[in-house]
Amino acid sequence: MTPAPRVGIYVRLSAPQSGRAEDENSDSIDNQLADLRALAASEGYVIHDEYADDGISGYSGKVRPAFQRLLADIADGRVDLVLARHADRLERNESEGTVLRVASIKAGVRWQYSSGQVVEPATAEGGLIARVLSAIAEFESQVKSERLRQHYQGQRLKGLMPAQRDCMGYAGFEIIPGEAELVAEAFESFAQDGGSVREIVTRWNAEKIPTKRGAAQGWSNAHVVGILRRPRYAGLVADRDGAIIPDLVGQWERIVTPELWRAVQVKLDNPDRKTNAKGRTPLSLSAGIATCGVCGFPLRTSTGKMWRTGEKYPILLCRNPNRGGARHPSGTIGDLDPLIRRAVLDAFAFGPTNLFGDDPDAASVHEIYDELANLRAKRQRVMDLMDDGTLETWEGKTRLQGYGEQIAALQGRLEGLQSASAAAGMLPDLRAGFIDVQTKRASFQGLLDLREELGARFDQRPIEQRRQLVRTLLQVEVGHGQGESKYSISHKIVTSLNGAED
């Protein structure tokens, strides 16, 4: 007797079922499960497991845990048949459809839908049907997504966008009194002289005020900054890029005045503002230094997300509160920082020896290099005289000891200057073999060695010293466009390099 097929029941709902008024509609998780359990019973199937992704769009590219578990069970040979309400419940984009088809073909797994249609992806006809259904599902999802965007944009332009579920102080369009009072206090506290994000975080955690998402670690600087950045609290409406839409007032009760909100944005955007009580230093070369190519405002760090994988990465955004409805450019720190580093190295490699003009630390470094070269030459002459017997050994050792002590003292001074000064730490010793002292020219290999040495020195500097070098040497601007072409880096001191970056 042939054993009954083992089935995996897969169900999905794009919006979370919990708390929804539409829980009883035909596409709810519970109704999908009930229909597919009934189908399995009528066909005599054995249910191996049920896989439910609640509140995850199949088209968004987000990881679907239950779908991944289903793929693993298919690969392990635990499932003979997959049951789903419709093809669009299984997958909504071509990449996931391909993964499912390949896994099913390898394991000999079929799919069956509530309509009774059975698809065998391993056959030519079944593979064609699977690809057609996948294409139709993706098309329908794109159309739905476009309609939703148009709908939300229309609502936004009417000032009728409800608050997101994680928006403290609001439930839809209604104010939550206790939370609203906390939000108002946070704005007023931060706007005062000496007010800080860290003070708000510390107070809220001490008072055990829960976050909207119930974060186990409590409030963080990022949480509070997110609150202070929300224009909703001032009754203002922002476009999808975060720019305030002029002359548009939200149709909800505001918690703070627009004037207070704008004052807070100015303070948040101040590049001289310490980001916590200890003055945490930015971790990138570009944040707060690179400027917007549209308005000239310093770009600040934010987080981008890969739409397919959900992977997060650091980006730069214009936070100018007065940019109106114009779309301003953004940049990727991982792309821009290496370009800035290369430009700094070029300035030291190809710039003049007095790159920093009258900087006393830089001048002292050059003097020390000269003195060290002179002492090392004298030491070598003594050693030569000792080798040919012209100089007594005891006298030679005495002189060498004296030269050694002087060299050690100079090296100590040099290390102190290089540790304290970014400029001093980067200045190369032209007698180190990179560049001919007489001709002031270097071979191709010499330049490669010099750049490698400069790169090592630059990377060893504390981040704030590296950022100070960037501020001194470069003007960095981010414009619209794609790839490296959107980044404009010009030299302030070594102007001969402008336009010559490769």
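Modeller: Gladly! This is a predicted model, where local features need pLDDT of at least 70, side-chain atom pairs count only at pLDDT 80 or more, and totals for chains, interfaces and linings use all residues. Residues are numbered from 1 along each chain as its sequence is written, and side-chain values use heavy atoms, leaving out hydrogens and water.

Biologist: Which helix holds I136, and is I136 buried or exposed, or partly exposed?

Modeller: I136 is found in helix α5, residues 124-157; helices are DSSP runs of H or I with at least four residues, strands runs of E with at least two, numbered from the N terminus. Buried means under 20% relative accessible area, exposed over 50%, partly exposed in between (1.4 Å probe, protein chains only). I136 has a relative accessible area of 41%, so I136 is partly exposed.

Biologist: And R461, where is its place, and which side chain does R461 contact?

Modeller: R461 is in the loop between α14 (444-460) and α15 (463-473). R461 is buried, with a relative accessible area of 11%. A polar contact is a pair of N or O atoms within 3.5 Å; within protein, one must be able to donate a hydrogen and the other to accept it, and residues adjacent in sequence count only if both atoms are side-chain atoms. At 2.8 Å, the side chain of R461 makes such a contact with that of Q465.

Biologist: Which residues does W204 touch?

Modeller: Contact means heavy atoms within 4.5 Å. Not counting residues up to four places away in sequence, W204 touches M168, L182, A186, I209, W219, V224 and I227.
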